[in-house]
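Biologist: I have a structure open and would like to learn how to read its features one at a time. Can we go through it together?

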Amino acid sequence: MECMRCGNRSKRYFAVYQGKSVCRRCIGFTGDIADIQANTGEVSIHLPFRLSETQRKASHEIYPASQTKDVLVNAVCGAGKTELVYETIAKTLEASKTIGLAIARKQVVLQLAKRLADAFPGIKVQAICEGHTNILDAQLFVVTTHQLYRFPGKFDCLILDEPDAFPYVGDELLEGFAKKACRGRMIYLTATPDRKMQRRIKKQEMVEVRVDARPHGYPLPVPSIRCAPYFVQLILLKRWVKRTKGRKLVFVPTIRQASFIARLFKWKQVSAKSKDLQERIDEFAKNENGVLLCTTVLERGVTFENAQVCVVMAQHAVFNDASLVQIAGRAGRSPRYPKGEVLFLCGYKSRSCLNCMNILLRSNKDAFSVSTR
């Protein structure tokens, strides 16, 4: 017995209710099934900028690779991962096949749906996430991974953005939703593939398209590391904020630490529990010399022009290799300000801090290349 929505096969999750077998693992997810409309005719792509040569090479590789195997698009932070799959989206729709994008976080879903609507003016694009579940018919859906249960066996191709991010990573239920929603191939977009995906690459179960350069052509900012006791870190942080130009993103490991430093220095803070998260993000984006304290809630999916990054207590267990790479990736993304600054303040040089630095150095060494394995 297998659940058609989440793929559960464990007998302990099945029960009989009113004469029908139900899966208790996903029974709490209620709502109508979405209706994907087939596209007919040619699909045009409108971009306000030209793809770099590196992006174009990668873009041309993805669609043919996805016809035979799952694809990992291993692209550094700021490489324009979404733009890399526009060609694949267009060709899939032109073939009258179905394709969708799934993302872990609601804010990114709404932003991406708008970008896709602008990029594909002839296609009906619909976001489905918390608070946006009334319209269930479209040609192209952008959804949170929690909403994939509405698409059982609907997608010929499913693009999964940041599969190593919370809350998707390690959640068997969400992984089950994704696998049951996709009747064809999956394309994974990330700068920090986990060991599971790396093993699939080595076993040749998946094709890897790698992009190690940002479109503006400048190297990725590599963090400098300074070790000091906690209160000395706060002194160094205050000095760093005073001397650094541009927007300052300060990452801390816990909400408690964010609250303490916010009170100490009278700075704004955000976390996953912030009710006004988007408002504070928008306010920070408008302040060219602002400071924003944050937890890992902003490690992915946000871009601020001329942003500099500092991590306090970078040795903390919450900051693993992937988290630190993503955090460092918030700096230097804009073509106008490509030379961002990244500072790790820590009690000692943790393995994750050193691994992050080595990953970024290796990417810079391999920059300007696109390779497929």
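**Reading the features**

Modeller: Start with one side chain: Asp70 is buried, with a relative accessible area of 11%. Keep in mind that this is a predicted model.

Biologist: Which residue forms a salt bridge with Asp70?

Modeller: The partner is Arg200, and the closest N and O atoms of the two are 3.1 Å apart.

Biologist: How many salt bridges does the structure hold?

Modeller: It holds 22 salt bridges. One of them joins the side chains of Lys124 and Asp137, at 3.1 Å from N to O. That pair links distant parts of the chain, 13 residues apart: Lys124 sits in the loop between α4 (106-119) and β6 (125-128), and Asp137 in strand β7 (residues 137-138).

Biologist: What about the side chains of Arg210 and Asp212?

Modeller: They meet in a salt bridge too, at 3.0 Å from N to O. Arg210 has 17% relative accessibility and therefore counts as buried. Asp212 is buried as well, at 3%. Elsewhere, salt bridges with shared partners join Lys81, Glu162, Asp164, Glu299 and Arg300 into one network.

Biologist: Now the helices. What describes two packed helices?

Modeller: Two numbers do it: the angle between the axes of the two helices and the distance between those axes. Here, helix α1 (residues 53-66) packs with helix α3 (residues 86-94) at an angle of about 45°, and their axes are 8 Å apart. α1 and α3 are therefore oblique to each other. Their crossing is right-handed.

Biologist: Which residues meet in the contact of α1 with α3?

Modeller: From α1 come Ser59, His60, Ile62, Tyr63 and Ser66; from α3 come Glu87, Thr88, Lys91 and Thr92. By class, the contact of α1 with α3 has two nonpolar, five polar and two charged residues.

Biologist: How do helix α10 and helix α11 cross?

Modeller: The axes of α10 (residues 321-328) and α11 (residues 351-365) come within 8 Å and cross at roughly 55°. α10 and α11 are therefore oblique to each other, and α10 passes α11 in a right-handed crossing.

Biologist: And which residues of α10 and α11 meet?

Modeller: Asp321, Leu324, Val325 and Ala328 in α10 meet Ser352, Cys353, Asn355, Cys356, Ile359 and Leu360 in α11. This contact of α10 with α11 divides into seven nonpolar, two polar and one charged.

Biologist: Let us turn to the backbone. Is the peptide bond from Phe166 to Pro167 cis or trans?

Modeller: It is cis, and omega is near 5°. To find Pro167, look in the loop between β9 (155-161) and α5 (172-181).

Biologist: Which value does phi of Gln18 take?

Modeller: Phi of Gln18 is near 50°, which is a positive value in a residue other than glycine. Gln18 is in the loop between β1 (14-17) and β2 (20-23). With 69% relative accessibility, Gln18 counts as exposed.

Biologist: What is phi of Ser96?

Modeller: Ser96 has a positive phi of about 60°, although Ser96 is not a glycine. Its place is the loop between α3 and β5 (99-103). Ser96 counts as partly exposed, at 45% relative accessibility.

Biologist: One last reading, distance. How far apart are Asn287 and Asn320?

Modeller: Asn287 and Asn320 are 33 residues apart in sequence, and 30 Å apart in space from C-alpha to C-alpha. Asn287 lies in the loop between α9 (277-286) and β15 (291-294). At 38% relative accessibility, Asn287 counts as partly exposed.

Technical notes: Residues numbered from 1 in each chain as written. Predicted model: local features only at pLDDT ≥ 70, side-chain atom pairs only at ≥ 80, totals over all residues. Heavy atoms only, no water. Axes fitted to C-alpha atoms, helices over the stretch in contact; angles between N-to-C directions. Helix = DSSP H or I, 4+ residues; strand = E, 2+ residues; numbered from the N terminus. Parallel < 35°, antiparallel > 145°, perpendicular 65-115°, else oblique. Left-handed = near helix turned anticlockwise from the far one by under 90°. Contact = heavy atoms within 4.5 Å. Nonpolar A, V, L, I, M, F, W, Y, C, P; charged D, E, K, R; others polar. Salt bridge = Lys/Arg side-chain N within 4 Å of Asp/Glu carboxyl O. Buried < 20%, exposed > 50% of the residue type's maximum accessible area, 1.4 Å probe, protein only.
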